[in-house]
Amino acid sequence: MARETEESPTSAGRPSGALLDAVERLLAPLVRLLLDHQITFPTLAGLLKRIYVGEAERGYALPDRPQTISRLTLLTGIHRKDVKRLQAEAGEPRPAVPPSVSLGAQLALRWTADPTYRDGDGRPLALPRLATEDGRPTFDGLVQAVTQDIRPRAVLDEWLRLGIARLDAEDRVVLVEEAFVPSEGFEEKAYYLGRNVRDHLAAARHNLTGVGAPFLERSVYYAHLRPESVEELQALAREAGMEALQRVNARALELQAADAGESDASQRMSFGAWFFRAPQDSSGDADGGSDD
(Lines give C-alpha, C1' and ligand atoms only; values in the text may rest on other atoms or scores of the structure.)
Protein backbone atom coordinates (compact mmCIF):
# COMPACT_ATOMS: atom_id res chain seq x y z
CA MET A 1 0.00 0.00 0.00
CA ALA A 2 1.30 3.49 -0.78
CA ARG A 3 2.30 5.50 2.28
CA GLU A 4 2.32 9.27 2.40
CA THR A 5 5.08 11.09 4.28
CA GLU A 6 4.19 13.87 6.73
CA GLU A 7 5.62 16.44 4.33
CA SER A 8 3.52 15.24 1.39
CA PRO A 9 0.87 17.82 0.38
CA THR A 10 -1.54 14.96 -0.39
CA SER A 11 -1.47 13.82 3.24
CA ALA A 12 -3.73 16.76 4.12
CA GLY A 13 -6.08 16.07 1.25
CA ARG A 14 -4.65 18.81 -0.97
CA PRO A 15 -3.33 17.79 -4.40
CA SER A 16 0.22 18.93 -5.00
CA GLY A 17 0.27 21.81 -7.44
CA ALA A 18 3.80 20.91 -8.51
CA LEU A 19 2.76 17.32 -9.19
CA LEU A 20 -0.31 18.41 -11.16
CA ASP A 21 1.91 20.69 -13.26
CA ALA A 22 4.27 17.76 -13.91
CA VAL A 23 1.35 15.49 -14.87
CA GLU A 24 0.03 18.12 -17.30
CA ARG A 25 3.45 18.33 -18.95
CA LEU A 26 3.93 14.58 -19.29
CA LEU A 27 0.37 14.06 -20.57
CA ALA A 28 0.78 16.56 -23.42
CA PRO A 29 2.80 14.24 -25.73
CA LEU A 30 0.52 11.35 -24.79
CA VAL A 31 -2.56 13.32 -25.85
CA ARG A 32 -0.88 14.26 -29.13
CA LEU A 33 -0.14 10.57 -29.73
CA LEU A 34 -3.77 9.71 -29.03
CA LEU A 35 -4.99 12.41 -31.41
CA ASP A 36 -2.58 11.12 -34.06
CA HIS A 37 -4.42 7.79 -33.94
CA GLN A 38 -8.00 9.06 -33.50
CA ILE A 39 -8.27 7.94 -29.88
CA THR A 40 -10.80 10.35 -28.38
CA PHE A 41 -11.23 11.63 -24.84
CA PRO A 42 -14.19 9.34 -24.04
CA THR A 43 -12.04 6.32 -24.97
CA LEU A 44 -9.20 7.54 -22.75
CA ALA A 45 -11.62 8.35 -19.93
CA GLY A 46 -12.92 4.77 -20.04
CA LEU A 47 -9.38 3.43 -19.81
CA LEU A 48 -8.56 5.75 -16.92
CA LYS A 49 -11.61 4.64 -14.97
CA ARG A 50 -10.58 0.99 -15.30
CA ILE A 51 -6.98 1.75 -14.31
CA TYR A 52 -8.00 3.93 -11.35
CA VAL A 53 -10.24 1.20 -9.95
CA GLY A 54 -7.69 -1.55 -10.59
CA GLU A 55 -4.79 0.30 -8.96
CA ALA A 56 -6.90 1.40 -5.98
CA GLU A 57 -8.09 -2.15 -5.50
CA ARG A 58 -4.58 -3.66 -5.70
CA GLY A 59 -2.55 -1.11 -3.79
CA TYR A 60 -4.73 0.77 -1.32
CA ALA A 61 -6.65 -1.80 0.70
CA LEU A 62 -6.86 -1.31 4.46
CA PRO A 63 -5.11 -4.00 6.57
CA ASP A 64 -7.35 -6.97 7.37
CA ARG A 65 -10.41 -5.33 5.80
CA PRO A 66 -12.07 -6.09 2.48
CA GLN A 67 -11.90 -3.47 -0.23
CA THR A 68 -15.45 -2.15 -0.63
CA ILE A 69 -17.12 -0.36 -3.52
CA SER A 70 -17.72 2.63 -1.24
CA ARG A 71 -14.04 2.91 -0.41
CA LEU A 72 -13.04 2.56 -4.08
CA THR A 73 -15.48 5.36 -4.93
CA LEU A 74 -13.97 7.50 -2.18
CA LEU A 75 -10.41 6.87 -3.36
CA THR A 76 -11.00 7.33 -7.07
CA GLY A 77 -13.97 9.70 -7.35
CA ILE A 78 -15.61 7.21 -9.74
CA HIS A 79 -19.34 6.54 -9.35
CA ARG A 80 -20.36 3.36 -7.51
CA LYS A 81 -22.16 1.99 -10.58
CA ASP A 82 -19.02 2.35 -12.68
CA VAL A 83 -16.87 0.77 -9.98
CA LYS A 84 -19.20 -2.23 -9.78
CA ARG A 85 -19.25 -2.59 -13.57
CA LEU A 86 -15.47 -2.34 -13.83
CA GLN A 87 -14.99 -4.95 -11.11
CA ALA A 88 -17.24 -7.31 -13.06
CA GLU A 89 -15.17 -6.72 -16.20
CA ALA A 90 -11.84 -7.18 -14.41
CA GLY A 91 -11.69 -10.88 -15.23
CA GLU A 92 -11.86 -10.35 -18.98
CA PRO A 93 -8.61 -11.23 -20.79
CA ARG A 94 -6.30 -8.34 -21.64
CA PRO A 95 -4.52 -8.01 -25.00
CA ALA A 96 -1.57 -10.39 -25.27
CA VAL A 97 2.01 -9.42 -25.96
CA PRO A 98 2.57 -9.50 -29.75
CA PRO A 99 4.24 -12.87 -30.48
CA SER A 100 7.03 -11.22 -32.44
CA VAL A 101 7.92 -9.13 -29.36
CA SER A 102 8.23 -12.03 -26.95
CA LEU A 103 10.35 -14.25 -29.22
CA GLY A 104 12.12 -11.39 -30.97
CA ALA A 105 13.27 -9.82 -27.72
CA GLN A 106 14.82 -13.10 -26.58
CA LEU A 107 16.62 -13.54 -29.88
CA ALA A 108 17.89 -9.96 -30.02
CA LEU A 109 19.08 -10.08 -26.41
CA ARG A 110 20.99 -13.30 -27.01
CA TRP A 111 22.45 -12.00 -30.28
CA THR A 112 23.71 -8.82 -28.61
CA ALA A 113 24.80 -10.33 -25.27
CA ASP A 114 26.03 -13.90 -25.85
CA PRO A 115 29.76 -13.89 -26.77
CA THR A 116 29.03 -16.70 -29.25
CA TYR A 117 27.18 -14.24 -31.47
CA ARG A 118 29.43 -11.17 -31.03
CA ASP A 119 32.68 -10.13 -32.68
CA GLY A 120 35.90 -9.02 -31.00
CA ASP A 121 34.51 -5.51 -30.49
CA GLY A 122 31.36 -6.85 -28.83
CA ARG A 123 29.11 -6.08 -31.79
CA PRO A 124 26.53 -8.57 -33.15
CA LEU A 125 28.02 -10.82 -35.83
CA ALA A 126 26.59 -11.07 -39.31
CA LEU A 127 25.27 -14.64 -39.20
CA PRO A 128 25.11 -17.13 -42.08
CA ARG A 129 21.54 -18.34 -42.44
CA LEU A 130 22.44 -22.04 -42.56
CA ALA A 131 25.10 -24.29 -41.03
CA THR A 132 28.61 -23.86 -42.43
CA GLU A 133 31.47 -26.34 -42.78
CA ASP A 134 33.67 -24.37 -40.41
CA GLY A 135 31.05 -24.49 -37.64
CA ARG A 136 30.49 -20.74 -37.37
CA PRO A 137 27.44 -19.49 -35.45
CA THR A 138 24.38 -19.23 -37.70
CA PHE A 139 21.02 -17.53 -37.62
CA ASP A 140 19.29 -20.91 -37.64
CA GLY A 141 21.35 -21.91 -34.62
CA LEU A 142 20.45 -18.70 -32.81
CA VAL A 143 16.73 -19.27 -33.31
CA GLN A 144 16.95 -22.94 -32.34
CA ALA A 145 18.81 -22.00 -29.16
CA VAL A 146 15.76 -20.00 -28.09
CA THR A 147 12.82 -21.98 -29.50
CA GLN A 148 12.15 -25.27 -31.24
CA ASP A 149 8.56 -24.34 -32.04
CA ILE A 150 9.08 -21.83 -34.86
CA ARG A 151 11.12 -22.36 -38.01
CA PRO A 152 14.10 -20.00 -38.37
CA ARG A 153 12.99 -19.09 -41.88
CA ALA A 154 9.64 -17.84 -40.55
CA VAL A 155 11.45 -15.68 -37.99
CA LEU A 156 13.80 -14.31 -40.64
CA ASP A 157 10.96 -13.44 -43.01
CA GLU A 158 9.18 -11.54 -40.25
CA TRP A 159 12.36 -9.71 -39.21
CA LEU A 160 13.07 -8.74 -42.80
CA ARG A 161 9.51 -7.39 -43.06
CA LEU A 162 9.84 -5.39 -39.84
CA GLY A 163 13.27 -4.04 -40.73
CA ILE A 164 14.97 -5.63 -37.72
CA ALA A 165 17.34 -7.61 -39.94
CA ARG A 166 18.65 -7.52 -43.50
CA LEU A 167 20.63 -9.87 -45.76
CA ASP A 168 24.07 -8.72 -46.89
CA ALA A 169 25.88 -9.57 -50.16
CA GLU A 170 27.10 -12.87 -48.66
CA ASP A 171 23.57 -13.94 -47.71
CA ARG A 172 24.33 -13.36 -44.03
CA VAL A 173 21.69 -12.07 -41.61
CA VAL A 174 22.62 -8.67 -40.19
CA LEU A 175 20.91 -7.18 -37.14
CA VAL A 176 19.93 -3.69 -38.25
CA GLU A 177 19.49 -2.27 -34.76
CA GLU A 178 21.47 -3.48 -31.75
CA ALA A 179 18.27 -3.80 -29.79
CA PHE A 180 14.80 -5.05 -30.63
CA VAL A 181 13.27 -1.86 -32.03
CA PRO A 182 11.29 -2.65 -35.19
CA SER A 183 11.27 0.08 -37.82
CA GLU A 184 7.96 -1.04 -39.34
CA GLY A 185 5.90 -3.10 -36.89
CA PHE A 186 3.40 -0.75 -35.20
CA GLU A 187 2.13 -3.30 -32.67
CA GLU A 188 5.67 -4.08 -31.55
CA LYS A 189 6.61 -0.41 -31.14
CA ALA A 190 3.35 0.31 -29.30
CA TYR A 191 4.08 -2.55 -26.90
CA TYR A 192 7.52 -1.15 -26.07
CA LEU A 193 6.05 2.32 -25.63
CA GLY A 194 3.78 0.97 -22.90
CA ARG A 195 6.43 -1.17 -21.22
CA ASN A 196 9.30 1.31 -21.26
CA VAL A 197 7.38 4.45 -20.30
CA ARG A 198 5.48 2.50 -17.62
CA ASP A 199 8.72 1.48 -15.92
CA HIS A 200 10.17 4.99 -16.24
CA LEU A 201 7.08 6.45 -14.55
CA ALA A 202 7.13 3.71 -11.89
CA ALA A 203 10.74 4.63 -11.08
CA ALA A 204 9.82 8.32 -10.89
CA ARG A 205 6.86 7.55 -8.61
CA HIS A 206 9.12 5.54 -6.29
CA ASN A 207 11.62 8.40 -6.13
CA LEU A 208 8.89 10.94 -5.28
CA THR A 209 7.75 8.86 -2.28
CA GLY A 210 11.13 9.30 -0.60
CA VAL A 211 10.89 5.74 0.73
CA GLY A 212 13.93 3.52 0.23
CA ALA A 213 16.92 4.06 -2.02
CA PRO A 214 16.06 6.02 -5.19
CA PHE A 215 16.18 4.43 -8.62
CA LEU A 216 18.47 5.76 -11.31
CA GLU A 217 16.48 8.43 -13.14
CA ARG A 218 18.68 11.14 -14.59
CA SER A 219 18.82 13.26 -17.71
CA VAL A 220 20.94 15.98 -19.28
CA TYR A 221 19.11 19.06 -20.57
CA TYR A 222 20.55 21.93 -22.63
CA ALA A 223 18.87 24.66 -24.65
CA HIS A 224 20.12 27.45 -26.95
CA LEU A 225 21.93 25.01 -29.26
CA ARG A 226 22.39 25.12 -33.01
CA PRO A 227 20.96 22.22 -35.10
CA GLU A 228 24.48 20.99 -35.93
CA SER A 229 25.36 20.85 -32.24
CA VAL A 230 22.23 18.83 -31.46
CA GLU A 231 23.10 16.45 -34.31
CA GLU A 232 26.50 15.85 -32.74
CA LEU A 233 25.02 15.35 -29.29
CA GLN A 234 22.38 12.98 -30.65
CA ALA A 235 25.09 10.80 -32.21
CA LEU A 236 27.12 10.90 -28.99
CA ALA A 237 24.08 10.00 -26.89
CA ARG A 238 23.25 7.10 -29.18
CA GLU A 239 26.79 5.73 -28.99
CA ALA A 240 27.08 6.14 -25.21
CA GLY A 241 23.56 4.86 -24.60
CA MET A 242 24.06 1.76 -26.71
CA GLU A 243 27.36 1.02 -24.98
CA ALA A 244 25.67 1.21 -21.58
CA LEU A 245 22.75 -0.95 -22.74
CA GLN A 246 25.12 -3.55 -24.19
CA ARG A 247 27.07 -3.80 -20.93
CA VAL A 248 23.95 -4.21 -18.80
CA ASN A 249 22.43 -6.61 -21.34
CA ALA A 250 25.49 -8.89 -21.39
CA ARG A 251 25.73 -9.05 -17.60
CA ALA A 252 21.97 -9.57 -17.22
CA LEU A 253 22.08 -12.58 -19.55
CA GLU A 254 24.91 -14.10 -17.47
CA LEU A 255 23.10 -13.50 -14.17
CA GLN A 256 19.80 -14.83 -15.53
CA ALA A 257 21.52 -18.09 -16.47
CA ALA A 258 23.21 -18.29 -13.05
CA ASP A 259 19.95 -17.55 -11.19
CA ALA A 260 17.85 -20.08 -13.11
CA GLY A 261 16.05 -22.45 -10.74
CA GLU A 262 16.75 -20.44 -7.57
CA SER A 263 13.74 -20.10 -5.28
CA ASP A 264 14.10 -16.32 -4.95
CA ALA A 265 14.59 -15.63 -8.67
CA SER A 266 11.35 -13.64 -8.83
CA GLN A 267 12.51 -10.10 -9.64
CA ARG A 268 12.58 -8.22 -12.93
CA MET A 269 14.50 -5.13 -14.01
CA SER A 270 14.61 -2.61 -16.83
CA PHE A 271 17.17 -0.02 -17.87
CA GLY A 272 16.91 2.46 -20.70
CA ALA A 273 18.47 5.45 -22.37
CA TRP A 274 16.66 8.04 -24.47
CA PHE A 275 17.25 11.23 -26.42
CA PHE A 276 14.86 13.92 -27.64
CA ARG A 277 15.18 17.15 -29.60
CA ALA A 278 12.69 19.92 -30.35
CA PRO A 279 12.47 23.71 -30.72
CA GLN A 280 12.88 25.44 -27.36
CA ASP A 281 9.32 26.75 -27.21
CA SER A 282 7.62 23.42 -27.98
CA SER A 283 7.31 22.38 -24.33
CA GLY A 284 7.52 25.66 -22.46
CA ASP A 285 11.09 24.94 -21.37
CA ALA A 286 13.45 27.85 -21.85
CA ASP A 287 16.01 27.30 -19.10
CA GLY A 288 19.67 26.72 -19.79
CA GLY A 289 21.82 23.65 -19.45
CA SER A 290 21.87 21.41 -16.43
CA ASP A 291 22.27 17.84 -15.25
CA ASP A 292 18.90 17.11 -13.62
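Predicted model: local features only at pLDDT ≥ 70, side-chain atom pairs only at ≥ 80, totals over all residues.
In helix α7, residues 152-162, the buried positions are Pro152, Val155, Leu156, Trp159 and Leu162; buried here means under 20% relative accessible area, with a 1.4 Å probe and protein chains only. Viewed down the axis of α7, these residues fall within an arc of 130°, and so they line one face of the helix. That arc is taken from the directions from the helix axis to the C-beta atoms. Just after α7, Gly163 adopts a positive phi of about 80°.

Residues are numbered from 1 along each chain as its sequence is written, and side-chain values use heavy atoms, with hydrogens and water left out.

I turn next to a helix pair. Helix α2 (residues 41-59) packs against helix α4 (residues 80-89) at an angle of about 80°, with the axes 10 Å apart. That makes α2 roughly perpendicular to α4, a term for angles of 65 to 115 degrees. Lys49, Arg50, Val53 and Glu57 of α2 meet Asp82, Val83, Leu86 and Gln87 of α4, where contact means heavy atoms within 4.5 Å.

Finally, Gln67 lies in the loop between α2 and α3. Gln67 is buried, with a relative accessible area of 17%. Its side chain reaches the backbone oxygen of Ala56 at 3.0 Å. The Gln67 side chain also makes a polar contact with the side chain of Arg71, at 3.3 Å; such a contact is a pair of N or O atoms within 3.5 Å, one able to donate a hydrogen and the other to accept it.

Methods:
Axes fitted to C-alpha atoms, helices over the stretch in contact; angles between N-to-C directions. Helix = DSSP H or I, 4+ residues; strand = E, 2+ residues; numbered from the N terminus. Parallel < 35°, antiparallel > 145°, perpendicular 65-115°, else oblique. Buried < 20%, exposed > 50% of the residue type's maximum accessible area, 1.4 Å probe, protein only.
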